[in-house]
Amino acid sequence: MAGSPISRGFRSRRQEQTPRNRVPPGQYVTTDFPVLSAGPTPQIKVEDWTLSLQLAGSLLGKWSWAEFEALPQTTIKTDIHCVTKWSKLDTTWRGVTFDDLLKGVGLAEPPTPYVMAHSDGGYTTNLPVADLINGRGMIVTRYEGLPIPPVHGGPARLFVPHLYFWKSAKWVRRLRFMEKDERGFWESLGYHNYGDPWKEQRYDGD
Amino acid sequence: MIEPAIAPQPRLEWQLAEVRAIVVETPRVKSLLLQVPAWQGHLPGQHVDIRLTAEDGYQAQRSYSIASPPEDALLTLTVERLDNGEVSPYLVDDVRVGDQFELRGPIGGYFVWTVATRGPLCLIAGGSGIAPLAAMLRHRARRKVRAPTLLMYSSRSLEEVIYGEELDAMSRGDSDLRLVNTLTREQPEGWTGYRRRIDKAMLAEVGFPPEQHPKIFICGPTPLVEDASRFLVELGHPFPTIKTERFGPTGGLAS
């Protein structure tokens, strides 16, 4: 970048053969799966798990684990990008698309332009509905063919891989439709409201 | 319906930081004391992003917690060398006083404690995860606040304890500050402290009981953070009182 001072003696130690267009600006590729959570990991049994779709005060739909597992399941292989700079390539997830959830409650169209995702432990994140429909958003329950470990958001996490991964809320339990946008947890604490990794929208104002 | 509060804030701009002093903390850890002329201040527990630029234009960014309190003129970053890392070996082995790099922040508003926070303070650190907790302890000391405070600090050996002498001195002069070290791999002769990983029994033994409503901050490698936070929940501490930050090779915050 123009104006950046050269860090004397600093050079890339990258050995990866990753094409540049796979990795957004400021990110590095890791084969680890780092954990970043703001609090303890909720331990939820699938017997106690439900997922709700909510509009204003009313419940549009609610699934038990078994009911959720009976919905059409979709598998996706894609890259994920965490705002803390790591990216992980070719990760495989399985779950239910947001489109299929809408169909499941008999909606042809999303009722509002925004959604707030609510998780066990109190975490929230906000998203435009446009980023969830047309196969762009899912609720996933399997990672690399196995149940998602609690530390990575199991039993179920939101999955919106084209945005920074904090938008893919771990331990998701409720999607609340909103007429107007509201800020979620990190979005209220200085992080970007939208979080497009390709535009490097890490923090407010980026 | 809540009105949208989505007006973006001003961008956190990259600023130039100059290394003014380097402190060797342990064989693998150094503290860089930085002068950041336009620094706007921070809260204890917050972090910064740094950006290094190679001669060929290649850039790398990483996050580091701020170890200094807001009261200090220089900003301290404490960096552990991760052998397979790209940025930390450079910061630990190559950076000299007078060098400059870019930095922006402060970032993060959740893992934060100030003297205005009520209740006892329970800090749990593993290895270089002590850095943001040191900012809280130093802030508390500078402000001469006597909030009952406990630091449980897990290190592999005495040699790897970061800020050891400073923390000892801090707790000697302050009966409201308890310092509990555990050395998990190697202990010096005559060591009478804990010699195992932080576990539920240890937390029950030395920690504040839930009835005292402590504010809890845990920072370290993921296994330590996962274990300690789960045990604290099992001991009856409410979820929202336990704040976590991950560090180290499996932590992702720094590499």
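In the predicted model, chain B contains five helices and eleven strands. The radius of gyration of this chain is 18 Å, close to the 18 Å given by the globule rule for 255 residues, so chain B is as compact as a globular protein of that length. The C-alpha trace of chain B extends over about 60 × 55 × 35 Å along its principal axes. Of the 255 residues in chain B, 45% are buried. When contacts in chain B between residues at least 6 apart in sequence are considered, 72% of them link residues at least 24 apart.

Chain B is divided into two domains, domain 1 (15-107) and domain 2 (121-246). The centres of domain 1 and domain 2 of chain B, taken over C-alpha atoms, are 24 Å apart. Domain 1 of chain B contributes 15 residues to the contact, and domain 2 of chain B contributes 15 residues. On the side of domain 1 of chain B that touches domain 2 of chain B, the elements giving two or more residues are β1 (15-26) and β5 (75-80) of chain B. By class, this side of domain 1 of chain B comprises seven nonpolar, five polar and three charged residues.

Within the range of domain 2 of chain B (121-246) lies helix α5 of chain B, residues 222-234. Helix α5(B) has 13 residues and reaches 18 Å from its first C-alpha to its last, close to the 18 Å expected at 1.5 Å a residue. Its buried residues are Thr222(B), Leu224(B), Val225(B), Ala228(B), Ser229(B) and Leu232(B). Viewed down the axis of α5(B), these buried residues fall within an arc of 160°, so they line one face of the helix. An α-helix has 3.6 residues a turn, so residues three or four places apart point the same way. The packing partners of the buried residues of α5(B) are β7 (121-126), β8 (149-155), α4 (200-206), β10 (215-220) and β11 (242-246) of chain B. After α5(B) comes Gly236(B), which has a positive phi, near 110°.

Between the two chains, 41 residues of chain A are in contact with 49 residues of chain B. The side of chain A that touches chain B has, by class, 15 nonpolar, 14 polar and twelve charged residues.

Backbone geometry was also examined in both chains. Most residues other than glycine have a negative phi, and most peptide bonds are trans. In chain A, the peptide bond from Gly154(A) to Pro155(A) is cis, with omega near 10°. Pro155(A) is placed in the loop between β9 (146-147) and β10 (157-159) of chain A. In chain B, Gly105(B) and Pro106(B) are joined by a cis peptide bond with omega of about 0°. Pro106(B) belongs to strand β6 (residues 100-107) of chain B.

Positive phi values also occur in residues other than glycine. Glu144(A), which is not a glycine, has a positive phi of about 50°. Glu144(A) is located in the loop between β8 (138-143) and β9 of chain A. Glu144(A) is exposed, with 11 other C-beta atoms within 10 Å. Tyr163(B) likewise has a positive phi, near 60°, and is found in the loop between β8 and α3 (164-172) of chain B. Tyr163(B) is buried, with 24 other C-beta atoms within 10 Å.

Key:
Residues are numbered from 1 along each chain as its sequence is written. Chains are lettered from A and ligands numbered from 1 in the order in which they are written. This is a predicted model: local features need pLDDT of at least 70, side-chain atom pairs count only at pLDDT 80 or more; totals for chains, interfaces and linings use all residues. Helices (H or I, at least four residues) and strands (E, at least two) are DSSP runs, numbered from the N terminus. The radius of gyration is taken over C-alpha atoms; the globule rule is 2.2 Å times the number of residues to the power 0.38. A residue is buried if 20 or more other C-beta atoms lie within 10 Å of its own, exposed if 12 or fewer, and partly exposed in between; C-beta atoms are placed from the backbone. Two residues are in contact if their C-beta atoms, placed from the backbone, lie within 7 Å. Ala, Val, Leu, Ile, Met, Phe, Trp, Tyr, Cys and Pro count as nonpolar, Asp, Glu, Lys and Arg as charged, and the others, Gly among them, as polar. Domain bounds come from an automatic or database domain assignment. The expected span of a helix is 1.5 Å times one less than its number of residues. The arc is that of the directions from the helix axis to the C-beta atoms.
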